Amino acid sequence: MTDRLSPGDTAPDFTLTSDTGEEVTLSDLRGRKVIVYFYPAAMTPGCTKQACDFSESLDSLKGAGYEVLGVSKDKPAKLAKFRERDQLTLTLLSDESLDVHKSFAAYGEKKLYGKTIEGVLRSTFVIDEDGRIELAQYNVKATGHVAKLRRDLGLD
């Protein structure tokens, strides 16, 4: 289990395939601020709510200089369906191996219905222009998270 990331840490670099089949490499986005969020599964109610909230907020986040990347273990084809079904505008990335989840400590033990299981920890990271973690939020709630994040970033 990787230690949780903290502000000031260098964000682990990665290259993942998007819902459109393109490769996205985090370090290619240096010079821009990036919000990377990890969610358990496309097309589930909580993850849909969170993705729709990010999509609705995307123009103003981009206006403030942020790129948004959503990462899950879903295959690119499922992510493409998710984008289409919910008219999502953010970039969705596939991490089927869970390697990137683990490098961000966004996978591990969690409680689900009173049982301890291994799974995706809904987490959000804000990465600055130099590739450092500015904000690391673990076990976030799907509903209301984007509004809280905007407040944390001083955008509202």
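Q: What volume does the largest cavity have?
A: The largest cavity in this predicted model has a volume of about 30 Å³, where a cavity is a set of points on a 1 Å grid over the protein atoms alone at which a 1.4 Å probe fits but cannot get out, and a volume is the space filled by probe spheres set on the points, joined across faces, edges and corners.

Q: And how many cavities of 30 Å³ or more are there?
A: The count comes to 1 cavity of 30 Å³ or more.

Q: Which residues line the largest cavity?
A: Its lining, meaning residues with an atom within 4 Å of a point, includes Leu-26, Leu-29, Arg-30, Asp-128 and Gly-131.

Q: How does that lining divide by residue type?
A: The lining of the largest cavity divides into 4 nonpolar, 1 polar and 4 charged residues, with Gly counted as polar, Leu, Val and Ile as nonpolar, and Asp, Glu and Arg as charged.

Q: Changing topic, where is Leu-98 found?
A: Leu-98 is found in the loop between strand S5 (91-94) and helix H3 (99-103), helices being DSSP runs of H or I of at least four residues and strands runs of E of at least two. Phi of Leu-98 is near 70 degrees, a positive value in a residue other than glycine.

Q: Is Leu-98 buried or exposed?
A: Leu-98 counts as buried, at 11% relative accessibility, since buried means under 20% relative accessible area and exposed over 50%, with partly exposed in between (1.4 Å probe, protein chains only).

Q: What about Ala-105, what is its phi near?
A: Phi of Ala-105 is near 60 degrees, again a positive value in a residue other than glycine, and Ala-105 is found in the loop between H3 and strand S6 (107-112).

Q: How are residues numbered, and which pLDDT limits apply?
A: Residues are numbered from 1 along each chain as its sequence is written. Local features need pLDDT of at least 70 and side-chain atom pairs count only at pLDDT 80 or more, while totals for chains, interfaces and linings use all residues, and side-chain values use heavy atoms, with hydrogens and water left out.

Terms used
On a 1 Å grid over the protein atoms alone, a cavity is a set of points where a 1.4 Å probe fits but cannot get out, and a pocket is an open set with protein on both sides within 12 Å along at least five of seven lines; lining residues have an atom within 4 Å of a point.
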